[in-house]
Amino acid sequence: MRSKQYSKEGIKRVPCAGCGQPSTQQWQICSLNKMHLGICEKCDVDLNRVVLKFFNIRNWPYIVSNYKHGVKMSDSKIKDLTRR
Ligand SMILES: [Zn+2]
C-alpha cells in the first residue's frame, strides 16, 4: 500500500491485499488516506460484486458477470441497465 499510484508494471510485484496473489490492478481507498492497494483479478471481481450489491444497483449480477468475463459495455448500456 502506498500513496503514489503503482505503474502498470510495478503493480504486478504487489501482493493482492485480499489473497496475496500478484496484483493486476489497484484500488484507491479514501478511508486509508487515499492510498493505493494492490488487488488481483479475482478479488477485484469479488469487490465489484460487493459494492454493486451494497448499493443494490439494478441488474448487478449481469453487470458483474460481464465484468468478470471481460465483456465491455458502453456507458449508455450501463446507464440503461442501472436506470431505476
Ligand atoms: Zn486477490
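User: In which order do the elements of the chain run from the N terminus on?
Analyst: This is a predicted model, in which local features need pLDDT of at least 70 and side-chain atom pairs count only at pLDDT 80 or more, while totals for chains, interfaces and linings use all residues. Residues are numbered from 1 along each chain as its sequence is written. Helices (H or I, at least four residues) and strands (E, at least two) are DSSP runs, numbered from the N terminus. The chain has three helices and two strands, and from the N terminus on its elements run β-β-α-α-α.

User: In which sense do strands E1 and E2 pair, and over how many bridges?
Analyst: Two strands pair if DSSP finds at least two bridges between them. E1 covers residues 25-29 and E2 covers residues 35-39. Within this pair, Gln28 stands opposite His36 of E2. The sense is antiparallel, and the number of bridges is five.

User: What is phi of Lys34 near, and is Lys34 buried or exposed?
Analyst: Lys34 lies in the loop between E1 and E2; this hairpin has five residues between its strands, and Asn33 takes a positive phi near 55° there. Phi of Lys34, a residue other than glycine, is also positive, near 60°. A residue is buried if 20 or more other C-beta atoms, placed from the backbone, lie within 10 Å of its own C-beta, exposed if 12 or fewer, and partly exposed in between. Lys34 has 9 other C-beta atoms within 10 Å, so this residue is exposed.

User: Which residues is Met35 in contact with, leaving aside its neighbours within four places in sequence?
Analyst: Met35 belongs to strand E2 and counts as partly exposed because it has 16 C-beta neighbours inside 10 Å. Along the chain, Met35 and Lys4 are 31 residues apart, yet 7.1 Å separates their C-alpha atoms. Two residues are in contact if their C-beta atoms, placed from the backbone, lie within 7 Å. With neighbours within four places in sequence left aside, the contacts of Met35 are Met1, Arg2, Ser3 and Ile29.

User: How far apart in space are Gly20 and Cys40, C-alpha to C-alpha?
Analyst: Gly20 is found in the segment before E1. Gly20 is exposed because 11 other C-beta atoms lie within 10 Å. In sequence, Gly20 and Cys40 are 20 residues apart; in space, C-alpha to C-alpha, the distance is 8.3 Å.

User: What length does helix H1 reach from its first C-alpha to its last?
Analyst: H1 comprises residues 41-54, a run of 14 residues. The expected span of a helix is 1.5 Å times one less than its number of residues, and the expected value for H1 is 20 Å. The span in the model is close to that expectation, at 20 Å.

User: Where is Asn56 placed?
Analyst: Just after H1, Asn56 takes a positive phi of about 50°, in a residue other than glycine. Asn56 has 8 C-beta neighbours inside 10 Å and therefore counts as exposed. Its place is in the loop between H1 and helix H2 (60-68).

User: How far apart do the C-alpha centres of domain 1 and domain 2 lie?
Analyst: Domain bounds come from an automatic or database domain assignment. That assignment gives domain 1 as 1-39 and domain 2 as 42-84. The C-alpha atoms of the chain fill a box of roughly 40 × 25 × 20 Å along the principal axes. The separation of the two C-alpha centres is 21 Å.

User: What percentage of the residues in the chain is buried?
Analyst: Among contacts in the chain with a separation of 6 or more, residues 24 or more positions apart account for 27%. The chain has 84 residues, and the buried share of them is 11%.
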